[in-house]
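Visitor: I would like to learn how to read the local features of a structure, one kind at a time. Could you take me through them with the model in view?

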Amino acid sequence: MSPEPTALSPNSASPAAGAAARARLLAGYQPAADAFDELRDATGAVRPHWEALVADLAGKSVAELQRRWETGRRFIRDQGITYNIYGEPDGLDRPWRLDPVPFVISAAEWRPLEAALIQRAVLIERVLADCLGEQRLIRSGQLPPALVFAQPDFLRPLHNVKPAGRRHLPFYAADLARSPDGRWWVAADRTQIPTGAGYALANRLIASRMLPEAFRELHVQRLAGFFRDTQEMLAGLAPRTGREPRVVALTPGPYNETYFEQAYLARYLGYALVEGQDLTVRDERVFLKTLSGLEPVDVILRRVDDDFCDPLELRNDSMLGVPGLVEAVRRGHVAVANALGSGLLQSPAFMAFLPGLCRHVLGEELRLSSVATWWCGQQAAERYVEEHFDELALRPAFRAAPGVPLADRTEWLRRVRWQPESYVAQERIALSQTPVWAGDGFAAASVSVRVYLVAHGDSYRVMPGGLGRIAPDSAARFVSLQRGGASKDVWVRAEGPVEDVTLLGQASQPVELRRVGNNLPSRLADNFFWLGRYAERADATARLLRSALLRFSPESTGGAWPVLAPLLRALEEHGQLPRERRLQVRHQPEALEAELLAVVFDPARNGSLRQTAAQLRQIAILVRDRTSNDLWRVLTQFEERLAAPVGTTSLLAGDAVAVLNHSLLDFAAFHGLANDNMTRAQGWRFLDMGRRIERAIQLCTLLDCVLAASDAENLGLLEAVLEVCDCSITYRSRYSVLPQLAAVCDLVLLDDTNPRSLLFQLNQLVKHFDRLPREKLTALPGAGQRILIDCVARLRLADPRQLGRAGTKVADTEIAQIVRHVAAAMPQLSDAIAVSYFAHSSIARAGGETVAAKEVGP
Amino acid sequence: MNYRVTHRTTYEYAEPVAVSHHAARVEPRATNVQSRSDWRLVITPEPAVQMQRPDFFGNRVCFFAIQELHAKLEVTATSVVSVEARALPAPGLSEPWDEVARRYRDPVAPEAIKALQYVYGSPLVQPQPEFAEYARESFPEGRPLLEGVLDLNRRIHADFAYDPVATTVATPLVEVWKSRRGVCQDFAHIAIACLRSLGLPASYVSGYLRTRPPAGQARLVGADATHAWFAVHCPSLGWVDFDPTNNCQLSDEHITVAYGRDFSDVSPVMGILTGGGSHTVKVAVDVEPL
């Protein structure tokens, strides 16, 4: 390797300037003295494999680097790369934290590490298969029996179940740490759900964009090959052959710590992201519940813990799993990766036995040592732990063991003595030190690296890279993203230039062309429908509020009252303005203004715009992996807009109007994105159906309030109606006269060329219904279609001219009756859709409970 | 004694159930004093899938799934069981309890591996120092194991009140411990917790008990109930059963169905439903002497 800093550093004109830039970059880098220095050797020289990176960074001005880091941060925000922290009010959707300085590993160091990791994965899979099967290692004395039998993660229903493809451990990950003498150690084995590979991929995307020159110069190995291997391996696990296997990614849901990563990986690998309630077991096989029926599932890539996967045979209280899944696995009809029960080997207690097991099982020495571990279930180890308590870190040996972090030595020892098998003690190691960015140059921080392996043939392949994790300070002895650490891209260097690998365009496997996406799970259709309804609800509420606020004048509410009253009543119909308040504030302009502002901004007010915005975002979370980032951004912006003015002392009607104007633009953007960017597949269809139904409901409510008003023909009121319905311009272009009730009603109710009219909404719904999967199957119209046909017929036959006739009470006219009829029919239509299309998902949500009778014997 | 045993479980749902998956452990096991013939399991509506197999503990379990809309499910198990009366082992001849406990501590004796899992906590029964403290009174140093267990069995019978409304299937053991009330299932769990807290292997047994009508009255059909007790593992004798609810050892009036670490391993009929709203469960057991 011959780094050429000058070629990379156009800014450093002379060697002297280059040296000064290096000195400035490294000035703040002060690694802890008792730890291994990743960047520099004992003489203080930068290690050769870091040289090119240091030269690259030193060659750029701090301002230039800051600009690049900012680009990276914006990318994280725009892509919505997040993680969730449990137990914190703002813990959801924390932006992902990436330190811009990559962690570099040389090719020479990587090769033996790779081989050692493969040996470890092979060994662990063999031990796991034995523990879940014949248990020879226990009988021959290689493993203490208590290590298996005392573990809550030894799941008896999985004993002797042969996983599809005979693979217990399709994936394996290890947390590596480097001790002061420069050796790598395994600090933890991840055998059940090795999380973080998706974040490693995201980090690579960002880091390689921030430092493209260094990325090329260092010959960094690509990650895509690992994910291609993943796809091939998972497809290979499918028990059924003869057709393209269906792989789904099973998630515990959007509130899980790493939900973003799950959605991101599923999308990258091309798998549907599903929750337990999206799956069902019939005839001992697993199916995905979609809008057009049940579709077989061959492989489940799971992020749900072992014991939560099947409430029938595992944890009965689990709402995340699929009843009957264990039996489907037992019958060999579905593959689950990693195999159910693989959490057993995640116990750190096994680390104490791996060297002996490796000799016994593989006939080799273990090449990669674990952090020194004592399992207190052995008498000798327990004695050692008691004697060396202060030098060791005590941890629960089993996942479910009570592991309250106690500082008190006596309390710890009391617990260890009571249940020794539930605890391990581990050597504390000083983590190695690596450069991180600190504003204007490097600082030192403790680092550990999680590396990932995927099964390949009889062996494994290692992702050339990983998820680097750094602790906030250089003295830390452990790192956790849950405790405020950050992550790093890990650059594993190749010997020579690297070929590009990509998941797209694999010549060997021609892709089957498709015009429609895979069938949408019913639960997602449900969520899209409500996304459409809430988006339209927010839009309509904003319009109504804007028109009311514009007509509100602190000087005289009296004159504006005939116009305001029906608008306020419409708000009342939706429960946003309590009836008694409306009547109370009639003659008190300040109180009325405060009421209206509360309907806009108050998060505690039922149905307020602010509350609708929050609900909208919650629904959007549920369809996050199926919608564009732009759509997400619009909704976030909308919510922030409404949240911002809270806390300002004196809000005025004028401020609210400005916010509402912007909000309406947000919704124009939302609907524009939905209409221009979403393919006309089922997701879009349900979104639009929700929107049309909600718009019809909002229109009917408004018109009902107007037609019932004592002065329905009030000019100002009719102008307000046109404004709320966004029809003022159309009206003016058609009629040169001032608004008249009959003409206004024709335009907003009956004109099927007006995209804001009631009939237009219903016609669109009819079109959608014709294309729904189940409506095609039956000869007679279904419940939903009947409601629509009835409403459309009434509207088409209506004659608005009667509204102009003298002597007729407006509220008694046919038009007013039709409006009331449609207003009552729309919620029924919504229910009919729910029954036909969402029922099997929503019922599962309500049920899924355990039924067991108590033994009551005498 | 020979019995015809009928165990009928009836679920009624407020709303129709679309799919349900069940596991039933209602087939009486063969033991060294018990044999079984004429076993039948009738399920209505007829399951789409039905599969019997031994579980991890050697019990026969029947998995079944119903895939049609139904508002009612009935599971009826019938069998003819014959139980031998056997002389009970002399408690004084069993090994000292502390020696027995030592076999399960590191390094575990190879012959102790089989019962080892019954020494540790299980989903419903976790050892606790307070259980150990209570049990100690029955287990002075060097006392023969079965003498100690017999005494513990008697004390639980005396100290805990039988109260069918005090607990439900979901009541945690510590609640039972505090209130000192419960039913057979709770008493068995308490005994198991006490023994495990001393490092002794104890298992949960589900089954039935013959009930005798009051003198001069006819036997009521279907008025019997499921029953539960516990067993302790004794190196020389194997598993020995005790019934704390009735303060007795096993007789030819106890019919064994299944063994497990606690109730959660042997729940007679359990199910996961899709749909159904609220539901009611009725259990009718009939133990008819032949």
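**Reading side chains and backbone**

Guide: Let us begin with a charge and a ring: Arg537(A) lies over the face of Tyr534(A), at 4.8 Å from the ring centre. In chain B, the charged end of Arg155(B) likewise sits over a ring, that of Tyr134(B), 4.2 Å from its centre. Please keep in mind throughout that this is a predicted model.

Visitor: How many aromatic pairs are there over all chains, and what describes a pair of aromatic rings?

Guide: A pair of aromatic rings is described by two quantities, the distance of the centres and the angle of the planes. Over all chains the count comes to 31 aromatic pairs. In one of them, the rings of Trp50(A) and Phe103(A) have their centres 6.1 Å apart and their planes at 85°, so the pair is edge-to-face. Because Trp50(A) lies in helix 3 (residues 48-58) of chain A and Phe103(A) in strand 3 (residues 98-105) of chain A, the pair ties together parts that are 53 residues apart in sequence. Trp50(A) and Phe103(A) are both buried.

Guide: The rings of Phe149(A) and Phe154(A), with centres 5.8 Å apart and planes at 85°, also form an edge-to-face pair. Phe149(A) counts as buried at 9% relative accessibility, and Phe154(A) is buried with a relative accessible area of 1%.

Visitor: Which residues do ring pairs link into a cluster with Phe149(A) and Phe154(A)?

Guide: The cluster linked by ring pairs also contains Phe56(B), Phe57(B), Tyr118(B) and Trp239(B).

Visitor: How many salt bridges does a search of the whole structure find, and where do the partners Arg68(A) and Glu213(A) lie?

Guide: Side chains of opposite charge can pair when their charged atoms come close. Over all chains, the search finds 65 salt bridges. Arg68(A) forms one of these with Glu213(A), the closest N and O atoms being 2.9 Å apart. This pair links distant parts of the chain, since Arg68(A) is in helix 4 (residues 62-79) of chain A and Glu213(A) in helix 9 of chain A, 145 residues apart. Arg68(A) counts as buried at 12% relative accessibility, whereas Glu213(A), with a relative accessible area of 23%, is partly exposed.

Guide: Another salt bridge is formed by Arg303(A) with Glu261(A), whose closest N and O atoms are 3.2 Å apart, and both residues are buried. For a case within one helix, take Lys178(B) and Glu175(B), whose closest N and O atoms are 3.9 Å apart; both lie in helix 5 (residues 173-179) of chain B, three residues apart, about one turn of the helix. Lys178(B) is exposed, with a relative accessible area of 63%, while Glu175(B) is partly exposed at 39%.

Visitor: Which residues does a cis peptide bond join in chain A, and what is the phi of His219(A)?

Guide: Most residues other than glycine have a negative phi, and most peptide bonds are trans. In chain A, a cis peptide bond joins Ala337(A) and Asn338(A), with omega about -10°, and Asn338(A) is found in the loop between strand 12 (335-337) and helix 13 (354-362). His219(A), although not a glycine, has a positive phi of about 50°; His219(A) lies in the loop between helix 9 (212-217) and helix 10 (224-237) of chain A.

How values were computed: Residues numbered from 1 in each chain as written. Chains lettered and ligands numbered in written order. Predicted model: local features only at pLDDT ≥ 70, side-chain atom pairs only at ≥ 80, totals over all residues. Heavy atoms only, no water. Helix = DSSP H or I, 4+ residues; strand = E, 2+ residues; numbered from the N terminus. Phe/Tyr/Trp six-rings, centres within 6.5 Å; stacked < 30°, edge-to-face > 60°. Buried < 20%, exposed > 50% of the residue type's maximum accessible area, 1.4 Å probe, protein only. Lys NZ or Arg CZ within 6 Å of the ring centre and 35° of its normal. Salt bridge = Lys/Arg side-chain N within 4 Å of Asp/Glu carboxyl O.
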